[in-house]
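This report goes through one protein model, part by part. Please keep the sequence and the 3D view open while reading.

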Amino acid sequence: MARLAQYSHRLSVAPGKTFIQEGEAAADFYIVTAGHVKIFTLMPDGRRQITGFGQSGDFLGLASGATYAFSAEALGPLSLCRFSRTGLGLLRREFPELELRLMEEASRELVQAQRRMLLLGRKTARERLASFLLEQHHLSPTKEIVIHLPMSRTGIADYLGLTIETVSRTLNALQREMMITITQVTQITLLNLPALEHLARGG
C-alpha cells in the first residue's frame with residue numbers, strides 16, 4: 001500500500017465535508033488511510049439516505065459508472081489517497097496484487113449490499129441493532145468488545161431505516177438485558193456476543 005500511495009495525491013478532509021458528490025463525473029477513486037466516512041444518496045424529496053460507512057483501508061468510487069452513484073462525507077478528520085481512474089490500467093500492470101484487492105473489494109461491496117437488503121427488508125428493530133453492533137465489532141482490526149461509533153444516533157437510525165427514538169429505546173433495552181453497556185454516547189461495550197449473534201439471526 002505504501003508503494004501504491006506514491007502514485008496518488010494525498011488529501012486531508014475536514015469533518016463534515018463532502019468529497020464525493022453523487023451525479024458528478026467519476027474521474028477518481030479513493031483509498032481511506034485514516035478516519036471514517038459516511039456514504040449516502042439523495043432521495044427524490046431531497047432527504048439523505050445513508051447506505052454505508054467507510055473506514056481505513058476501504059476503497060471508494062471504484063464501482064461507479066460514468067458518474068458517482070453516491071456521495072461521501074468525512075465523519076471526522078479524514079485522510080485519503082486519490083487516484084485517477086484513467087490510470088487504473090497502468091496501476092494494475094505495475095501492481096499485480098492490486099487486481100486481487102480490487103476483486104476482493106467488489107465482492108465485499110456485493111456482500112454488504114445483500115446484507116443491507118436483508119437488514120431493511122426482514123429484520124426487526126432489535127435484530128437490526130444487534131446486526132449493526134456486530135458489524136462494527138467485526139470491522140475492528142482487533143475485534144475488541146468495546147466499539148467506538150464515529151456516527152451519530154441520527155446516522156445509525158438513517159442507516160438502519162429506524163427513528164432516533166427507536167434506536168435509543170432499543171439500545172436501552174439491550175443494556176437492560178445485559179447484552180451491552182452504553183459507556184459513552186459513541187462507545188458501547190458488547191457484554192454478551194453469543195446473545196447478540198443469536199438475536200441478529202432472528203432468535
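**The nonpolar core**

The model is a predicted one. Its largest nonpolar core has 26 residues. Inside this core, the residues with the most contacts are Phe132, Leu133, Ile180 and Ile188. In soluble globular proteins, nonpolar side chains tend to be buried together. Two or more residues of the core come from each of these elements: strand S5 (48-55), H4, helix H5 (153-160), H6, S11 and helix H7 (193-200). Which element gives the most to this core? That is H4, with 5 residues.

**Helices H4 and H6**

Helix H4 covers residues 125-139 and helix H6 covers residues 164-176. Their axes come within 10 Å and cross at roughly 75°. Angles of 65 to 115 degrees count as roughly perpendicular, so H4 is roughly perpendicular to H6. On the H4 side, the residues that meet H6 are Ala125, Arg126, Leu129 and Leu133. On the H6 side, they are Thr166, Val167, Thr170, Leu171, Ala173 and Leu174. Sorted by class, this contact has 7 nonpolar, 2 polar and 1 charged residues.

Strand S11 (residues 187-190) pairs with S9 over 3 bridges, and with S10 over 4 bridges. A hairpin of 2 residues leads from S10 to S11. Threonine 189 in S11 has bridge partners in both neighbours: valine 146 and threonine 181. Another pair in this sheet is isoleucine 147 with isoleucine 188.

Are the residues of S11 buried or exposed? Gln187 and Thr189 point one way, Ile188 and Leu190 point the other way, and all are buried.

**Loop and helix end**

The loop between H6 and S10 holds methionine 178. Its phi is near 65°, which is a positive value in a residue other than glycine. Most residues other than glycine have a negative phi. Methionine 178 counts as exposed because its relative accessibility is 55%, and the cut-off for exposed is over 50%.

Glycine 161 follows H5 and also has a positive phi, near 70°. H5 itself is mostly covered, with 6 of its 8 residues buried. These buried residues are Arg153, Gly155, Ile156, Ala157, Tyr159 and Leu160.

**Strands S1, S8, S3 and S6**

Another open sheet has 4 strands in the order S1-S8-S3-S6, and the pairing is antiparallel. Strand S1 (9-13) and strand S6 (59-60) are the edge strands, each pairing on one side only. Within the sheet, strand S3 (residues 28-34) and strand S8 (residues 78-84) are joined by 6 bridges. Alanine 34 stands opposite serine 79 in S8.

**Strand S7 and its partners**

Strand S7 (residues 71-74) is covered on both faces. Ser71 and Glu73 lie on one side, Ala72 and Ala74 on the other, and all are buried. S7 pairs in the antiparallel sense with strand S2 (residues 18-20) and with strand S4 (residues 36-42). Buried Ala72 is the bridge partner of isoleucine 20, while buried Glu73 stands opposite lysine 38.

| Strand pair | Bridges |
|---|---|
| S3 and S8 | 6 bridges |
| S9 and S11 | 3 bridges |
| S10 and S11 | 4 bridges |
| S2 and S7 | 2 bridges |
| S4 and S7 | 4 bridges |

How values were computed:
Residues numbered from 1 in each chain as written. Predicted model: local features only at pLDDT ≥ 70, side-chain atom pairs only at ≥ 80, totals over all residues. Heavy atoms only, no water. Axes fitted to C-alpha atoms, helices over the stretch in contact; angles between N-to-C directions. Parallel < 35°, antiparallel > 145°, perpendicular 65-115°, else oblique. Contact = heavy atoms within 4.5 Å. Nonpolar A, V, L, I, M, F, W, Y, C, P; charged D, E, K, R; others polar. Pairing = 2+ DSSP bridges. Buried < 20%, exposed > 50% of the residue type's maximum accessible area, 1.4 Å probe, protein only. Core = buried A, V, L, I, M, F, W, Y, C linked by side-chain atoms within 4.5 Å.
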